[in-house]
Amino acid sequence: MEQRFTNSLIKIVPKWVQHLQSSQEEAVLFVYPQHLVSFLLFLRDYTNTQCKQLIDITAIDNPSRSSRFQVVYQLLSVQYNARIRVKSCIDEVTPISSATGVFSCAAWWEREVWDMFGIFFYDHPDLRRILTDYGFQGHPLRKDFPLTGYVEVRYDDSEKRVITEAVEISQEFRYFDFSTPWETLKRTD
């Protein structure tokens with residue numbers, strides 16, 4: 001969406017929006033957490049946006065900030081062929097309102113964010129773990145999640161039962177080489 005449009009959007013609902021960023025020709029609107037659901041409802045129903053599809057909900061963890069988490073909503077307007085990204089910043093203990101009343105598909109993604117980051121969504125109809133086991137301790141996508149000291153549950157064919165083993169991830173497995181074999185080839189023109 002163009003800059004003029006997003007500026008006019010901020011003028012319509014100024015108390016809901018903290019500030020605006022532009023990222024690769026997409027509008028990124030930072031919204032106060034207490035106004036998030038109202039703003040999502042506005043973007044869905046407003047004639048000049050018509051963001052009828054919620055594409056994704058995810059989170060960003062930055063432990064050095066006082067508002068540690070950014071909850072990110074990706075919206076799509078098919079009518080205007082545009083995307084809007086809505087972010088809301090919260091700390092570890094502050095819950096955020098569920099968007100399932102606005103977009104029913106939000107239920108799955110909010111469960112995923114709860115499971116991976118530990119961000120609590122109040123008024124969620126079924127907030128429980130979705131990707132980890134029920135007895136799993138912690139939230140794996142938090143930056144402070146430890147790399148050692150947890151257990152792995154797996155089925156052992158030789159014993160014909162489920163066994164529990166301690167897991168320790170060595171640091172050498174966390175080394176990533178981002179070069180590809182295609183970068184070493186010389187180009188012939």
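**View 1. Arg-129 and Asp-115 form a salt bridge through their side chains (2.5 Å, N to O).** A salt bridge is a side-chain nitrogen of Lys or Arg within 4 Å of a carboxyl oxygen of Asp or Glu. Asp-115 belongs to helix α3 and Arg-129 to the loop between β7 (121–122) and β8 (148–156), so the pair ties together parts that are 14 residues apart in sequence. Helices (H or I, at least four residues) and strands (E, at least two) are DSSP runs, numbered from the N terminus. Both Arg-129 and Asp-115 are buried (under 20% relative accessible area; exposed is over 50%, partly exposed in between; 1.4 Å probe, protein chains only). The model is predicted: local features need pLDDT of at least 70, side-chain atom pairs count only at pLDDT 80 or more, and totals for chains, interfaces and linings use all residues. Residues are numbered from 1 along each chain as its sequence is written, and side-chain values use heavy atoms, with hydrogens and water left out.

**View 2. A salt bridge joins the side chains of Arg-154 and Glu-165 (3.0 Å, N to O).** Arg-154 is in strand β8 and Glu-165 in strand β9 (residues 161–168), eleven residues apart. Arg-154 is partly exposed, at 32% relative accessible area, and Glu-165 is partly exposed at 29%.

**View 3. Five strands make an open, mixed sheet in the order β1-β2-β5-β4-β3.** Two strands pair if DSSP finds at least two bridges between them. β1 (17–23) and β3 (53–61) are the edges, each with a single partner strand, so one side of each has no neighbour in the sheet. β1 pairs with β2 (residues 26–31) in the antiparallel sense over six bridges.
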